[in-house]
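Hi there,

Here is the structure I promised to pass on.

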Amino acid sequence: AIGLALAPVVRAAPCPPANIAAPLALVIVPTRELAKQVDEELSWLFVPAGVRVASVTGGASYRDERRALSAGPAIVVGTPGRLLDHLQRGSIDPSRVGAVALDEADRMLDLGFRDDIESILALLPDARRTHLVSATFPREVRALADAIQTDAVFAEGTPLGTANEDIEHLLHLV
């Protein structure tokens, strides 16, 4: 779903290799594991378009990440702290970012990443699409959505309270 939302932006212009990355889109995720999963899925999805994807996460080799960023990815997937670090160090030029997606926004807020997210978004161009994906929409997520999005469209998979009506829950004591 994130790839489909980013497609119009990342297919618009190529990102030639350079000393620093100048991606067209950023995907912010809460964990290394999710970053790897999103990187793999987006890489697979955009192979026919020749779109490169790179990921940056805490605990990974900074040197390997710099090498991946210098290959000119159109999409950079990262955890908030490491993504902010690369932006502040200048290894990612945010000037071409036309879209940003926050995946598992509720989880990122639970982990205390709100300041990092706001700092990242402050470095990006104002004229960008901002996508926020969250399994739940508590007050904090709604406040973040209202603060970072304009003319937002709320899409809900199932109406509140209707999920799992067709699932029978059983408990077996062993």
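D39 sits in helix 2 (residues 32-46); helices here are DSSP runs of H or I with at least four residues, strands are runs of E with at least two, and both are numbered from the N terminus. Before going further, please note that this is a predicted model, in which local features need pLDDT of at least 70 and side-chain atom pairs count only at pLDDT 80 or more, while totals for chains, interfaces and linings use all residues. Residues are numbered from 1 along each chain as its sequence is written, and side-chain values use heavy atoms, with hydrogens and water left out.

Back to D39: this residue is buried yet has no salt bridge. Buried stands for under 20% relative accessible area, exposed for over 50%, and partly exposed for what lies in between, using a 1.4 Å probe and protein chains only. A salt bridge needs a side-chain nitrogen of Lys or Arg within 4 Å of a carboxyl oxygen of Asp or Glu. For D39, the nearest side chain of opposite charge is K36, 9.5 Å away; Lys and Arg count as positive, Asp and Glu as negative, and His and the chain ends are not counted. What does D39 touch, leaving aside its neighbours within four places in sequence? The contacts are V53, A54, S55 and V77, where contact means heavy atoms within 4.5 Å.

**Salt bridges along the helices**

Side chains of opposite charge can pair when their charged atoms come close.

- D64 pairs with R67, with the closest N and O atoms 3.1 Å apart. Both residues belong to helix 3 (residues 62-70), three residues apart, about one turn of the helix. D64 is partly exposed, at 38% relative accessible area.
- D85 pairs with R89, and here the closest N and O atoms are 2.9 Å apart. The two lie four residues apart in helix 4, again about one turn. D85 is partly exposed at 23%, whereas R89 is exposed at 55%.
- R114 pairs with E118, the closest N and O atoms being 2.7 Å apart. Helix 6 holds both, four residues apart, about one turn. R114 is partly exposed at 27%, and E118 is partly exposed at 33%.

The spacing has a simple background: an α-helix has 3.6 residues a turn, so residues three or four places apart point the same way.

**Helix 4 and its surroundings**

How do helix 4 (residues 80-89) and helix 6 (residues 114-123) pack, and at what angle? The angle is about 35°, with the axes 9 Å apart. Axes are lines fitted to C-alpha atoms, for helices over the stretch in contact, and angles run from 0 to 180 degrees between N-to-C directions. Helix 4 supplies P80, G81, L83, L84 and L87 to the contact, and helix 6 supplies D116, S119, I120 and L123.

The buried residues of helix 4 are P80, R82, L83, L84, H86 and L87. Their cover includes strand 1 (25-28), strand 2 (53-56), helix 3, strand 3 (75-78), helix 5 (105-110) and helix 6. H86, for one, has a relative accessible area of 0%. Not counting residues up to four places away in sequence, H86 touches V56, Y62, E65, R66, L69, S91 and I92. After helix 4 comes G90, with a positive phi near 85°.

**Around helix 5**

E104 is in the loop between strand 4 (99-102) and helix 5. Its phi is near 55°, a positive value in a residue other than glycine, and E104 is partly exposed at 33% relative accessibility.

M108 is part of helix 5. Is M108 buried or exposed? M108 is buried, with a relative accessible area of 0%. Leaving out residues up to four places away in sequence, M108 touches I28, V29, P30, P80, L102, D103, F113 and I117. The C-alpha atoms of M108 and G72, 36 residues apart along the chain, are separated by 27 Å.

Best wishes
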